[in-house]
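Have the structure open as you read.

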Amino acid sequence: MKPFNPKILRYESLASTNTEAARLALQGAEEGLSVVADEQTAGRGRLQRTWVSPKGAGLYFSILLRPTIPLNQWSLMTFMAALAVGDALLAASGLQTDIKWPNDILAGERKICGILAETIETNAGRALVIGIGINLTREAFPEDLAERATSVAEITNRRPERETILAALLQAISRWYSLLQESDGSRKIVAAWVSRSSYAEGKLVKVINGDETLRGITRGVEDDGALRLETETNGIRVVRSGDVVSVRAFT
Ligand code: BTN
């Protein structure tokens, strides 16, 4: 598998690095094109949420990829990105992280990074923009998230080096993306993800999906990354979307 050629475009301010990467994808940009901004004025999160992105407080990064794997495995692209973020934070900042399904990166049980993947139809075929937001300092997230979020600076007690994390992230994405595209790559990615996520197996959780809340015990993931949840009343449910919240006991 040919490794992608990272080309990094840097901006002081953008509405969203994902939007800019998608715009360039429509103009024919090659896979590996990466967009980084010091701040985002309209950063987006999963499930139509806002990703608050103050200047200098986070790594706001998007990469354009043009995967050739079967479409039913594209959902694993966020798994491979989560694995890459874990590697990058370990290599660049010595941080041990956990993954909360589907792709929140946690440090000390608080969210330190979010991942948003968006597909786009381009003249060169369907493409994917993977956006990654890493909280570098405490200023990255609003006060009301203080109990659920953290930052690299808070955990390491050091000033994070954005460029070092970015370089490690690009290297790690290249490695995991190549692995995903090998034969049997999807199985390896799922296995690696499961081994790095305390949420994959045996965790009491609530899954909130719109108006529906499911409670159960996690029982691994399907081949496409969907979460298997053993519920009290409905047996195993396969969850493809939603927010997972760890619960200590059922009420
Ligand atoms: C989430 O956890 O809800 C996903 C957050 C993804 C945020 C990143 S920051 C860089 C890129 N640009 C965006 O507008 N969003 C992603």
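Helix 2 and helix 5 cross with a left-handed sense. Keep in mind that this is a predicted model. Helix 2 covers residues 76-93 and helix 5 covers residues 185-196; their axes come within 10 Å and cross at roughly 50 degrees. That angle makes helix 2 oblique to helix 5. On the helix 2 side, the contact uses Leu76, Phe79, Met80, Ala82, Leu83, Gly86 and Asp87, and these meet Ser186, Ile189, Val190, Ala192, Trp193 and Arg196 of helix 5. Sort the residues of this contact by class and you get nine nonpolar, two polar and two charged.

Next up is helix 4, and its pairing with helix 2. What is the handedness of the crossing of helix 2 and helix 4? This crossing is right-handed. The axes of helix 2 and helix 4 come within 8 Å and cross at roughly 140 degrees, and the two helices are therefore oblique to each other. From helix 2, the contact draws on residues including Leu76, Met80, Leu83, Ala88 and Ala92; from helix 4, the partners include Ile165, Ala168, Leu169, Ala172, Ile173 and Trp176. The class count for the contact of helix 2 with helix 4 is 17 nonpolar, two polar and two charged residues.

That leaves helix 4 against helix 5. Helix 4 runs over residues 162-181, and the axes of helix 4 and helix 5 come within 6 Å, crossing at roughly 130 degrees. Helix 4 and helix 5 are therefore oblique to each other too. Here Trp176, Leu179 and Leu180 of helix 4 meet Gly185, Ser186, Lys188, Ile189, Ala192 and Arg196 of helix 5. By class, the residues of this contact come out as five nonpolar, two polar and two charged.

Now for the ligand. It has 19 residues around it, and the closest are Ser16, Gln40, Arg44, Arg46 and Lys111.

| Residue | Protein atom | Ligand atom | Distance |
|---|---|---|---|
| Thr17 | polar side-chain atom | nitrogen | 3.1 Å |
| Gln40 | polar side-chain atom | nitrogen | 2.8 Å |
| Arg44 | backbone N or O atom | nitrogen | 2.7 Å |

So what is there to see in the backbone? Most residues other than glycine have a negative phi, and most peptide bonds are trans. Against that background, two spots are worth a click. Trp101 and Pro102 are joined by a cis peptide bond, with omega about 0 degrees. Where is Pro102 found? Look in the loop between strand 4 (98-100) and strand 5 (104-107).

The other spot is Asn157, a residue other than glycine with a positive phi, near 60 degrees. Asn157 has its place in the loop between helix 3 (152-156) and helix 4.

Technical notes
Residues numbered from 1 in each chain as written. Predicted model: local features only at pLDDT ≥ 70, side-chain atom pairs only at ≥ 80, totals over all residues. Heavy atoms only, no water. Axes fitted to C-alpha atoms, helices over the stretch in contact; angles between N-to-C directions. Helix = DSSP H or I, 4+ residues; strand = E, 2+ residues; numbered from the N terminus. Parallel < 35°, antiparallel > 145°, perpendicular 65-115°, else oblique. Left-handed = near helix turned anticlockwise from the far one by under 90°. Contact = heavy atoms within 4.5 Å. Nonpolar A, V, L, I, M, F, W, Y, C, P; charged D, E, K, R; others polar. Near = heavy atom within 4 Å. Polar contact = N/O pair within 3.5 Å; in protein donor to acceptor, adjacent residues only side chain to side chain.
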